[in-house]
Amino acid sequence: MTSPSNDARLSAGERILDHWRLVVFVVATTAFTVSAVREFTAPGGPTPGSDAAFFQHAGWYMTQGAIPYVDFWDVKPPVTHFTSAGLALISFGDMYVLHVLAVLLTASAGVAVVALVAMLTHRLTDDRVASVAAAFTVLCLAGF
């Protein structure tokens with residue numbers, strides 16, 4: 001029996017690390033998808049938190065003529081409210097659709113942040129393992 005070549009002896013981990021960017025993207029997308037599916041399939045439907053409800057309502061309110069910091073107050077910069085207003089326009093005032101769009105936008109931004117952390121770590125360290133570990137660390141933060 002002949003012995004396998006060095007290439008054939010690559011461990012599964014080494015083969016996965018050859019495609020570390022794809023692994024980070026797939027794991028981050030899966031994590032956010034599972035979270036969204038869990039929320040939207042919960043009994044009673046999705047229940048946005050107080051911040052999400054405020055931002056989404058403020059965005060809708062702006063489509064009705066409200067002016068941030070005049071008709072409603074928040075300590076955050078106005079881009080948050082303008083983003084919600086844009087989503088409210090796209091959703092034609094349907095609050096459920098607005099929430100779905102907000103969740104999709106937030107999840108997309110989350111995946112982008114995880115990918116950015118991986119890419120920056122790779123640029124700084126040139127280490128695939130460190131890049132994947134940094135990306136997965138972001139996903140392990142409870143607030144994220």
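Modeller: Axes are lines fitted to C-alpha atoms, for helices over the stretch in contact, and angles run from 0 to 180 degrees between N-to-C directions. Please note that the model is predicted.

Colleague: How are the axes of helix α5 and helix α6 oriented to each other, roughly parallel or roughly antiparallel?

Modeller: Helix α5 spans residues 95-125 and helix α6 residues 128-140, and their axes come within 8 Å. The axes cross at roughly 150°. Angles over 145 degrees count as roughly antiparallel. The two helices, α5 and α6, are therefore roughly antiparallel.

Colleague: Into which classes do the residues of the contact of α5 with α6 divide?

Modeller: On the α5 side the contact includes Val-114, Val-117 and His-122, and on the α6 side Arg-128, Ala-134 and Leu-139 are among the residues involved. By class, the residues of this contact are eight nonpolar, four polar and one charged.

Colleague: Is Ser-84 buried or exposed?

Modeller: Ser-84 belongs to helix α4, residues 79-90. Leaving aside residues up to four places away in sequence, Ser-84 touches Phe-55, Gln-56, Gly-59 and Leu-98. Buried means under 20% relative accessible area. Because the relative accessible area of Ser-84 is 10%, this residue counts as buried.

Colleague: Which kind of aromatic pair do Phe-54 and Phe-72 form?

Modeller: Five aromatic pairs are found in the whole structure. In the pair of Phe-54 and Phe-72, the rings lie 6.2 Å centre to centre, with 80° between the planes. Planes over 60 degrees apart count as edge-to-face. The pair of Phe-54 and Phe-72 is thus edge-to-face.

Conventions. Residues numbered from 1 in each chain as written. Predicted model: local features only at pLDDT ≥ 70, side-chain atom pairs only at ≥ 80, totals over all residues. Heavy atoms only, no water. Helix = DSSP H or I, 4+ residues; strand = E, 2+ residues; numbered from the N terminus. Parallel < 35°, antiparallel > 145°, perpendicular 65-115°, else oblique. Contact = heavy atoms within 4.5 Å. Nonpolar A, V, L, I, M, F, W, Y, C, P; charged D, E, K, R; others polar. Buried < 20%, exposed > 50% of the residue type's maximum accessible area, 1.4 Å probe, protein only. Phe/Tyr/Trp six-rings, centres within 6.5 Å; stacked < 30°, edge-to-face > 60°.
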